[in-house]
Amino acid sequence: MYLTPIKIRILILIYMPIMFFIWWIPTNGVWGDYQNLINQTDEIRLSLITLIVPIGFLGALITFAFMGIKSFFYGKKVNEVFSENAMKLSNKICIYSGLLGVVFAVVFALYSMKLLDEYGYEYSYELTDITPTGIHLMYVKTQ
């Protein structure tokens, strides 16, 4: 399918904000959960799968932003603007960012669980939700 330069530019203008908000919404949720933990609210949510997104998706977001800007400027597809080696490098950045996101999720979950123990929270089976974005563990402060 042939895409004219104007179609490519329109698609980039549509996809860049969408990708940003796909990253921002879970990241903002994770940040809010962490703020609740630091502020020691009555209920704390710990979303294990969602913890991968802030770091894991950031590499793809940054790669798409840099490549998309140059593609937007030339009005060509990304694979027509960048060499095969640059495309391989962008794939590696995305893969390593995803792996780093998994490491971040594990380390942050362990850190959060340590803080939950220190602050006197107990796991609540009744309040825990299982949703398409993962298991959202709920902890309740004990007095």
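Select Lys70 to begin: this residue lies in helix H3, which spans residues 58–74 (helices are DSSP runs of H or I with at least four residues, strands are E runs of at least two, and both are numbered from the N terminus). The model is predicted, so local features need pLDDT of at least 70 and side-chain atom pairs count only at pLDDT 80 or more, while totals for chains, interfaces and linings use all residues. Residues are numbered from 1 along each chain as its sequence is written, and side-chain values use heavy atoms, with hydrogens and water left out.

Lys70 is partly exposed, with a relative accessible area of 35% (buried is under 20%, exposed over 50%, partly exposed in between, with a 1.4 Å probe and protein chains only). The C-alpha atoms of Lys70 and Val81 are 7.6 Å apart, and the two residues are separated by 11 residues along the chain.

Next, select Gln40, in the loop between H1 and S1. Gln40 is not a glycine, yet its phi is positive, at about 55°. Its relative accessible area is 33%, which makes it partly exposed.

Finally, turn to the largest nonpolar core, which has 14 residues; among its members that touch the most others are Leu37, Leu51 and Tyr139 (such a core is a set of buried Ala, Val, Leu, Ile, Met, Phe, Trp, Tyr and Cys residues joined through side-chain atoms within 4.5 Å). At least two core residues come from each of H1 (5–39), S1 (43–47), H5 (84–118) and S3 (134–141). H5 supplies the largest share, 5 residues. Around Leu51, beyond four places in sequence, one finds contacts including Val30, Leu46 and Phe104.

Note on methods:
Contact = heavy atoms within 4.5 Å.
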